[in-house]
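Subject: Handover of a protein structure

Dear colleague,

Please find below the structure that I am handing over to you.

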Amino acid sequence: MALRGLIAGCALALAGGVAAQTDSAGSMLGNIAADEAAMLRDRHERMTVPVTIGGAGPYRFLIDTGAQATVVTHELVEDLSLRHSGRATLVAMGGTSVVDTVELDNLEFANRSVSGLISPALNATHIGADGILGLDSLQDTRVLMDFREGRMKIADVPGEQSNSGYEIIVRARRKLGQMIITDAKVDGVRTSVIIDTGAQTSMANTALLRRIRARERTEIKSIDVLGTQMSNGAVWVRKLEIGGAEMTSVPVAIADSPIFAALGLEGKPALILGVANLRAFDRVAIDFSNQRILFDVPSSSVRFSQRQLPTLAERF
């Protein structure tokens, strides 16, 4: 069985020469000091979830709300003798490639069990984990990024319905399984925003760059799940508005990633919002079942417009 046009949004920053971390201090940790390596490894593990496959494991999987399909590594395919199912064209941040796919059954995490998945197999060094949980595994869940605790959590819906503590709640429209926020502006320009938990840095397309008339002032290096190393110009966005929240001085890479075209956003102002910028919030919850995204606004870093609170309350 072959698939076409799967999106894998994961991209990792190359800041400090470290693209990702694994359970063992291998080549991806380079010459980093032992205590710093331990800290990075701990933070990495806390931003993944334990997964079992056919009762084997647990394995550490990243949660990627920018990826359509759940991904496994070639090493996991070999260890579990997973059955090859065909090939697929994978659309990543930096380009596209035809990759092998495998059949994946009895994938268990967060009291959920998923079967019948067709998963791309990629290199572990480009992922930094044993696999990636994509949107095909996350439907009808609420994904919570808790930056106060430094953890990511997955809860069943309606098991996790509480909106307590979230000042901003915005609706999103669904496209190829992904949720796109349309109630957003970048420097006053209406912009489609995709929350991508697999991307470290944020990325805007050149259509947005032209509209805000910003000049590229610096450079951001990153690597995507296909191993494509990207060197993109970057700008400082003066203001990003999502619902009633305002973020200022937001660093954003500029590139016409194939992902924008796959989502039908080519030529339209669009922004992939990565984890580095999302850390400005205390918590971000992505509610796939109800097509909403919830933001817990801290006392600093993010301004919250109280004037918009009644309008938001009326909507929900």
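The notes below begin with the overall picture and then turn to individual residues.

The model is predicted, so local features need pLDDT of at least 70 and side-chain atom pairs count only at pLDDT 80 or more, while totals for chains, interfaces and linings use all residues. Residues are numbered from 1 along each chain as its sequence is written, and side-chain values use heavy atoms, with hydrogens and water left out.

Overall picture

The protein has 8 helices and 27 strands; these are DSSP runs numbered from the N terminus, with helices (H or I) of at least four residues and strands (E) of at least two. Of its 316 residues, 54% count as buried. Here, buried means under 20% relative accessible area, exposed means over 50%, and partly exposed lies in between (1.4 Å probe, protein chains only). Among contacts (heavy atoms within 4.5 Å) between residues at least 6 apart in sequence, 66% join residues at least 24 apart.

Thr73 belongs to strand S5, which covers residues 71-73. Thr73 counts as buried because its relative accessible area is 3%. Leaving aside residues up to four places away in sequence, Thr73 touches Leu122, Ala124, Ile127, Ala129, Asp130 and Gly131.

Pro120, in strand S10 (residues 117-122), is buried as well, at 0% relative accessibility. Pro120 and Val72 are 48 residues apart along the chain, and their C-alpha atoms are separated by 6.5 Å.

Asp64 is in the loop between strand S4 (56-63) and S5. Asp64 is buried yet has no salt bridge, and Arg279, the nearest side chain of opposite charge, is 14 Å away. A salt bridge is a side-chain nitrogen of Lys or Arg within 4 Å of a carboxyl oxygen of Asp or Glu. The side chain of Asp64 does reach the backbone nitrogen of Gly66, at 2.8 Å.

Strand S4 also contains Pro58. A cis peptide bond, with omega about 10 degrees, joins Gly57 and Pro58.

Salt bridges

The structure holds 10 salt bridges. One of them joins the side chains of Glu149 and Lys153 (3.3 Å, N to O). Glu149 is partly exposed at 40% relative accessibility, and Lys153 is partly exposed at 35%.

Arg238 and Asp187 also meet through their side chains in a salt bridge (3.8 Å, N to O). Because Arg238 lies in strand S22 (residues 229-242) and Asp187 in the loop between S17 and S18, this pair ties together parts that are 51 residues apart in sequence. Arg238 is exposed, with a relative accessible area of 56%, whereas Asp187 is buried, with a value of 17%. Phi of Asp187 is near 50 degrees, a positive value in a residue other than glycine.

Another salt bridge links Arg292 with Asp287, where the closest N and O atoms are 3.6 Å apart. Both Arg292 and Asp287 are buried. Salt bridges that share partners also join Arg148, Asp282, Arg283 and Asp296 into one network. Arg292 lies in strand S26; Arg292 and Arg173 are 119 residues apart in sequence and 8.7 Å apart in space, C-alpha to C-alpha.

Aromatic rings

The structure holds 1 aromatic pair. Rings of Phe, Tyr and Trp (its six-membered ring) pair if their centres lie within 6.5 Å; planes under 30 degrees apart count as stacked, over 60 as edge-to-face and the rest as tilted. The rings of Phe281 and Phe295 have centres 4.8 Å apart and planes at 45 degrees, so the pair is tilted. Phe281 is in the loop between helix H7 (275-278) and strand S25 (283-287), while Phe295 is in strand S26 (residues 292-296), 14 residues apart. Phe281 is buried at 1% relative accessibility, and Phe295 is buried at 0%.

Lastly, the charged end of Arg283 sits over the ring of Tyr166, 4.1 Å from its centre. A charge sits over a ring if NZ of Lys or CZ of Arg is within 6 Å of the ring centre and within 35 degrees of the ring normal.

Yours sincerely

Terms used. Lys and Arg count as positive and Asp and Glu as negative; His and the chain ends are not counted. A polar contact is a pair of N or O atoms within 3.5 Å; within protein, one must be able to donate a hydrogen and the other to accept it, and residues adjacent in sequence count only if both atoms are side-chain atoms.
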